[in-house]
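Q: Hey, can you walk me through this one? I have the sequence and the model open.

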Amino acid sequence: DSHGLEAAVEAGLVKDRASLTDWVSHVLRHGSGLIDAVALVSAWRATDEDTLDEIADLAGALKGSAELALESELQGAAFAKITLAAWPSDALARFVQRRAGKAMPHAVTVAIACAPEIPVAQAAIAYLQAFTANLVSAAVRLVPLGQTDGQLAMAALAPVVAEIAALAQIKTLDEIGTAA
């Protein structure tokens, strides 16, 4: 799911670099970007498996549509499979085993793979940068925009990524929801 980007392009709401930057900024600040970042930080900081599973359940439930939830779960499962093959992790392997048949949200899976070796601030920025790049890449094809406009949009969104990564470190799961 592209967080409504296809519909926005079709409706003429996203038609150039400026409108794309505004759209993605909104998704980062008020939609899945912030929700995923807070879930990632919370999972990274979790001290036991029960808490991790509760965060995974909540992160799955906070997806705004069935399509978003499915996409996140598929990305999480694919990420876990590839990561376990390249960088074996007991914590990630246990999470995958416990979550068989349950939601394995991408942000939570990334957090488990990163902790504790990759600092939480860096993990949040990297996750949000990839999240942003996926949306911009989709827009480059949908609008269409040129590669230069795509890179300029990424540059314009870098401060928003940093802002949301920092905000995610002080917000709690009780403080998040979506209005995007």
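Q: How many helices and strands does the protein have?
A: The protein has 9 helices and 0 strands. Keep in mind that this is a predicted model.

Q: What pattern does that give along the sequence?
A: Reading along the sequence, you get α-α-α-α-α-α-α-α-α.

Q: And how compact is the protein?
A: The radius of gyration is 16 Å, close to the 16 Å that the globule rule gives for 180 residues, so the protein is as compact as a globular protein of that length. Its C-alpha atoms fill a box of roughly 45 × 35 × 30 Å along the principal axes.

Q: What share of the residues is buried?
A: Of the 180 residues, 43% are buried.

Q: What about contacts between residues at least 6 apart in sequence? How many join residues at least 24 apart?
A: That comes to 75% of those contacts.

Q: Switching to the surface. What is the accessible area, and what share belongs to carbon and sulfur?
A: The accessible surface is about 8900 Å². Carbon and sulfur atoms account for 58% of that.

Q: How many charged side chains, positive and negative?
A: There are 12 positive and 21 negative side chains. The centres of the two sets lie 3 Å apart.

Q: Now one residue. Where does E163 lie?
A: E163 is in helix α9, which covers residues 147-168.

Q: Is E163 buried, exposed or partly exposed, and why?
A: E163 counts as partly exposed because its relative accessible area is 35%, and that class runs between the 20% and 50% cut-offs.

Q: How far is E163 from L173?
A: They are 10 residues apart in sequence. In space, E163 and L173 are 17 Å apart, C-alpha to C-alpha.

Technical notes:
Residues numbered from 1 in each chain as written. Predicted model: local features only at pLDDT ≥ 70, side-chain atom pairs only at ≥ 80, totals over all residues. Heavy atoms only, no water. Helix = DSSP H or I, 4+ residues; strand = E, 2+ residues; numbered from the N terminus. Buried < 20%, exposed > 50% of the residue type's maximum accessible area, 1.4 Å probe, protein only. Rg over C-alpha atoms; globule rule 2.2 N^0.38 Å. Contact = heavy atoms within 4.5 Å. Areas by Shrake-Rupley, 256 points an atom, 1.4 Å probe, with all protein chains shown as cover. Lys, Arg positive; Asp, Glu negative; His and termini not counted. Charge placed at Lys NZ, Arg CZ, Asp CG, Glu CD.
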